Amino acid sequence: MTMKHLLAATALVALAAPVQAQVQERTIRISNGVAEDHPVADGIEAMRQCTDERTDGAWTLNAFWSSALGDDLQATQALRSGVQEMVITSTSPIVGIVPELGVFDLPFLFANAEEADAVLDGEFGEFISERMLDSGLVNLSWWENGFRNLSNNVRPIESLEDFQGIRTRVMQNNIFLDTFQTLGTNPTPMAFGEVFTALETGAIDAQENPYVTIDTSQFYEVQDYVSATQHAYTPFLVLFSGPIFQTYSEEEQQILRDCAMAGQSVQREASRELAGQSLERITEAGTAFNEISEENMAEIRDAVLGVYERNADTIGQDVIDRVQSQLAEIRGE
Ligand code: TK8
């Protein structure tokens, strides 16, 4: 090799070096409360393929399932103190950290998944994600937990009266507590990881989650009835530790955002595709499913209207107004 070639090769290596420094070897631990066959796994796999490509295999994404690294709130606190990289959590258990998230717990806020996507992927979703930064949490993307339905061991829910006295686990969240007290049940706040055992031992009669979760966390094994209450839509936050995010280069931060968004479309599609199959599996296992008449659903919706006003101070009336004006726009009202 001539001196000229040697100098050119050295210059090239020097040029490449800063780029390599932009993307370091990383191991990213991702905490999940749901089980490994939940569609969140599809989203994480899509994210992993994306980071493999963008970092040339320098990053390792390790997912932990069924609350192995702690429940939603514990894992989120670990992100805030910079001792863990990621958690995929429902918004509801962390309203104590970011009260505005409570807006998603208001009963019957969204009428369908299209509305939920439009609000979360639009200005309002951006507004909420920005609010989370002050708490040391970077929301990389909105994924889908889904519309929640009540399962229980007492009776099918056909009308408002049927909720009476049912001992129901709710997420650790005052708005769900208010909603299920107002419906006439006897609600108990509980971390997700404790629900199966509480149902199995008869400590509680009921829980409420999307069909996909009732399926993949095997709640149907310990539940006799599932009723299509569709009483709230819960988003999943794809959270990254703020303190750790700050130690990443701008290029690495962009890779995280881009790849979490690549996971969003895959995860939402998998969640919606699996919902029908999950309901089939639940009923094939012997759990009775019922829908609720529109007339009785109207009575149930009316019964919980007061939850909005009673929790407006905690969430922020401005936040409620903001999402409702977005929804009015989407609905062409
Ligand atoms: C999983 C939970 C779960 C949520 C609940 O980590 O607690 O019932 O719906 O998805 O976030």
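Me: How far is an oxygen atom of the ligand from an N or O atom in the side chain of R169?
Reply: That distance is 2.7 Å, a polar contact (a pair of N or O atoms within 3.5 Å). Bear in mind this is a predicted model, where local features need pLDDT of at least 70, side-chain atom pairs count only at pLDDT 80 or more, and totals for chains, interfaces and linings use all residues. Residues are numbered from 1 along each chain as its sequence is written, and side-chain values use heavy atoms, without hydrogens and water.

Me: And what about N209 and N145?
Reply: The N209 side chain has an N or O atom 2.7 Å from a ligand oxygen. For N145, a polar side-chain atom is 3.0 Å from an oxygen atom of the ligand.

Me: Which residues surround the ligand?
Reply: G33, D72, S90, N145, R148, R169, M171, F192, N209 and F236 do (a heavy atom within 4 Å). That shell splits into three nonpolar, four polar and three charged residues.

Me: Where does the ligand sit?
Reply: In the largest cavity, with more than half of its atoms within 2 Å of the grid points. A cavity is a set of points on a 1 Å grid over the protein atoms alone where a 1.4 Å probe fits but cannot get out, and lining residues have an atom within 4 Å of a point.

Me: How many residues line the largest cavity?
Reply: 21 residues do, and D72, S90, P93, R169 and F192 lie nearest its centre. β3 gives the largest share, three residues.

Me: Switching topic, what lines the second largest cavity?
Reply: F108, F163, F180, L183, T229, H231 and I300. Five are nonpolar, two polar and none charged.

Methods: Polar contact = N/O pair within 3.5 Å; in protein donor to acceptor, adjacent residues only side chain to side chain. 1 Å grid on protein atoms, 1.4 Å probe; cavity = no way out; pocket = protein on both sides within 12 Å on 5 of 7 lines; lining within 4 Å. Nonpolar A, V, L, I, M, F, W, Y, C, P; charged D, E, K, R; others polar. Helix = DSSP H or I, 4+ residues; strand = E, 2+ residues; numbered from the N terminus.
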